[in-house]
Amino acid sequence: MNGDSNPSINASDVERYSRQLLIPQFGPSGQQKLEKSRVLVVGLGGLGCPAALYLAGAGVGTIGLVDRPNDVVEKSNLHRQLAHSEARIGTNKVASAAIAIQMLNSNVAIEKHESFEPKNAVQLASSYNLVLDCTDNVASRYLVSDACAVTKTPLLSGSAIGTDGQLTFYCKTADSPCYRCIFPKPPPSSCVGSCDSAGVLGPVPGVIGTLQALEAIKFLSCMNLTEDLDRRMLLFDGSTCTFRTVKIRSRVNGCDMCGESSQLEIPAFDYEGFARGGKSIDKKALDVPSHCRITPEEFAEIRRSGSSYKLIDVRPSQEFDMCHLDEAESWPLKSMEQSAGMDRIAEGTGRLIIVCRRGNASQTALRHFLDAGRTNVCDVIGGLQAWHQVIDNNFPLY
Amino acid sequence: MTNKTLSRFVTFAQSSYNSCAGELIIPRMTEQELISIRVVFFAKARELAAVSSITLPIPSCTTPHAALNNSVLPRFPALKPLIDHIILAVNQSYVSEPTRYLQEGDELALIPPISGG
Ligand SMILES: [Zn+2]
């Protein structure tokens, strides 16, 4: 650094961090600030894995890790959650990510937390300089933002699904918006896919999580760059490989959380219920009589007995193409619900068994059949996921 | 500013003043000229509209919110459940209140939240 030697960076660290120390706006002072920084990564999935690894690589002093207590590494995570590994399938994600971070940079102090919930969110957020929202669901996004708004902790919020990603800063300054300022009402669940249901190409959260780490490093090291993502949202369209930013609004005075007359009590707020608020699933549609539902064991027995039935698989066709039971006929719920499909429903009298991925869509389909006056029709509780778990673990789980 | 660009500016200002009467009022739908705007759909909005962007003729003197409700939505009814939950941006800037009219060539972006990770 222009011939200066900085006594507080030891020789080994100069070597380790040399390539970033060479960046003029970063330099040794940036490195020292990083080493004194405390960052909380909420969610160790497709966003949290690259974000946490890059923060660790750069030498952030303390990294807090938290995810759902029961969230363990699954085989279907490995295409995008690269901090985990085949050997750690079944391991808690926080524990697995901690191992990866430790292997990359043993200088980093890791703080493992069991959960991020309304009762501990505020206390957790307040003990960090910066929070990274790497969660995968609507309820958690409101909770993370609320905790950051009330503790005035800057929040870098990333999200990704399919081939799309978004990244912005919330709660960075007194004028910055929180998540509720921008999205006061959660969208209906039919409009919010999850990576589990809608799919995601691995590098898409990889891009966003990596940029989250970049923005975090610039912020924590106090690099004096003229523009950041405060009141700007980055939009990434991976299908055309296009980045755009839009200016977003400042803090809203009447915001339910960060507004002047906010009375929102985080520990008492029902986040799950709030996130479900716009839920578009028709309650009546799921209200099917219990005698019309069979367990995977009962279905296995029917299959073994050789009695005649028709198995209708109501998942989308690409999921049917991924895997299906041999005798199944594909009839996606979506096409069933079109008028031509509704006409077909009333046809025939033989025994029908309906199956889907998890036993939800099959109930909706079952309701359509019952409403059309069909009898002798049932659905499989828990769907093909339960089939994998109780009957045939060779049947793919996805 | 040269005289030429100044005079062009004045002409433009006058024409938009004349056609919109300067005030934010609901324009009469008769004797309206059309302008064309670019509508850009992101994430779930792109999926529901089944298109990433279109050029759409709208009446002049239309606010972004009115364009959304009166021109975009009738053409893409599938967007209905999403419409109260999006960021609406004109030329890459968030618009919260209908305080301006769209101009010829403006870009109206519909940006729904993404929650996955
Ligand atoms: Zn707010």
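Which residues of helix α3 (residues 27-35) of chain A are buried? They are G27(A), P28(A), G30(A), Q31(A), Q32(A) and L34(A), where buried means under 20% relative accessible area, exposed over 50% and partly exposed in between (1.4 Å probe, protein chains only). Their cover includes α2 (18-21), α4 (48-58) and α10 (203-220) of chain A.

Some ground rules before going on. This is a predicted model, in which local features need pLDDT of at least 70 and side-chain atom pairs count only at pLDDT 80 or more, while totals for chains, interfaces and linings use all residues. Residues are numbered from 1 along each chain as its sequence is written, chains are lettered from A and ligands numbered from 1 in the order in which they are written, and side-chain values use heavy atoms, with hydrogens and water left out.

**Chain A at a glance**

Chain A has 18 helices and 13 strands; these are DSSP runs numbered from the N terminus, with helices being H or I of at least four residues and strands E of at least two. Its C-alpha atoms fill a box of roughly 85 × 50 × 40 Å along the principal axes. Of its 398 residues, 50% count as buried. Contact means heavy atoms within 4.5 Å, and among chain A contacts with a separation of 6 or more, 67% come from residues 24 or more positions apart.

How confident is the predictor? pLDDT, its confidence in each residue from 0 to 100, averages 92 in chain A, and 96% of the residues score at least 70. Where pLDDT is low, the predicted coordinates should not be read in detail.

**The annotated cysteines and T135(A)**

An unreviewed UniProt entry puts the feature "active site" at C195(A) and C356(A); such annotations may be inferred rather than shown by experiment, and feature names are shortened, with positions in the numbering used here. The UniProt annotation "domain: Rhodanese", also from an unreviewed entry, covers residues 305-396 of chain A. Over that stretch the chain is 41% helix and 15% strand, and the end C-alpha atoms are 24 Å apart.

C195(A) lies in helix α9 (residues 195-198). Leaving out residues up to four places away in sequence, C195(A) touches R80(A), A160(A), I161(A) and V200(A), plus G116(B) and G117(B) from chain B. C356(A) is placed in the loop between β12 (352-355) and α17 (361-371) of chain A, and with the same exclusion its partners are V314(A), R315(A), A361(A), S362(A), G383(A) and L384(A).

T135(A) is in the loop between β4 (130-133) and α7 (138-151) of chain A. Beyond four places in sequence, its contacts include V42(A) and L47(A), along with S115(B), G116(B) and G117(B) of chain B.

**Two positive phi values**

R231(A), a residue other than glycine, has phi near 60° and is found in the loop between α10 and β7 (232-237) of chain A. A43(B) isn't a glycine either, yet has a positive phi of about 45°; A43(B) lies in helix α2 (residues 43-49) of chain B.

Here is how the residues discussed individually are covered:

| Residue | Relative accessibility | Class |
|---|---|---|
| C195(A) | 13% | buried |
| C356(A) | 3% | buried |
| T135(A) | 7% | buried |
| R231(A) | 25% | partly exposed |
| A43(B) | 9% | buried |

Note on methods. pLDDT is the predictor's confidence in each residue, from 0 to 100.
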